[in-house]
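Hi,

Here is the structure I promised to pass on. Have a look, and my notes follow below.

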Amino acid sequence: MSPLPHLRRSAFALALLAFVLHTADRFWWQPRFERLNLAVDLLLGQALPLAVIVGLTWWVFGRVVRPYRTAPAAFDVEAGTFTAPSAPAVVGSQAILWGLLAAYAVPARSAPGGGSRVLYPDGSDNIAGVVFTLLLLAGAAMWLWRGPRVTLTPHGLRIRTLRTRSIPWTELLTGGPAVPVPKQSQLWLNLSRPGGAERWVALTLSPLYVDGAFLARAIRHYAEHPEDRAAIGTDAEHSRLTEALTVPAA
């Protein structure tokens, strides 16, 4: 089972922490250095707190996600499908970055006398800033809950990134995709088109929590063995598939 269901809550909590810390930094810490010379302002007022916030939140999440960095040679079996879910280390780190960016959307102006910031006196500016802030935080949540994934169904592949693309098994040419070499970032799917033409579709591996070689072999297996497709989504078929694809060749 994917670790994402419980890790995504940790990632979103850290995204909120990054947002709160960076908001406090913008309203309380940074203004204290604005009237000093430029070098001090850039170093102590901006670079240092940003480095501390990013380093702290990513270090904590790195500790949480460390046991799950190695992608498994297996799928999640859910609702009659085999799913390669989002890689928790990747989508979690990106969600934390979204939380950090959301702090920049909070509307602020220098307070009278300096040393801190306050909200704009114009209520409409505040409303626009709050809406944009909430949109960024919602984007972080959506990325965690609706991030990239590849789903194998009895009918074909569903590849979800910012949009979802469906590829029927009948469009996949046999003999591929090739098993990726170490550090290869993409699988290349060779598809047939009407009239005998071919086209290639790139499948990015890094956001997926599945071993790239296992995924390539599984896609190739179902492209070449239509008789096995109807069983996709069952525990028995998943056990058979994982055993067949992980046994070393004689």
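The lining of the largest pocket divides into 13 nonpolar residues, four polar and three charged (Ala, Val, Leu, Ile, Met, Phe, Trp, Tyr, Cys and Pro count as nonpolar, Asp, Glu, Lys and Arg as charged, and the others, Gly among them, as polar). A pocket here is an open set of points on a 1 Å grid over the protein atoms alone, where a 1.4 Å probe fits, with protein on both sides within 12 Å along at least five of seven lines; lining residues have an atom within 4 Å of a point. The volume of the largest pocket is about 340 Å³, taken as the space filled by probe spheres set on the points, which are joined across faces, edges and corners. Closest to its centre are Ala71, Leu205, Ser206, Val210 and Gly212.

Bear in mind that this is a predicted model: local features need pLDDT of at least 70, side-chain atom pairs count only at pLDDT 80 or more, and totals for chains, interfaces and linings use all residues. Residues are numbered from 1 along each chain as its sequence is written, and side-chain values use heavy atoms, without hydrogens and water.

Now the interior. Of the protein's 250 residues, 43% are buried.

Best wishes

Definitions and conventions
Buried < 20%, exposed > 50% of the residue type's maximum accessible area, 1.4 Å probe, protein only.
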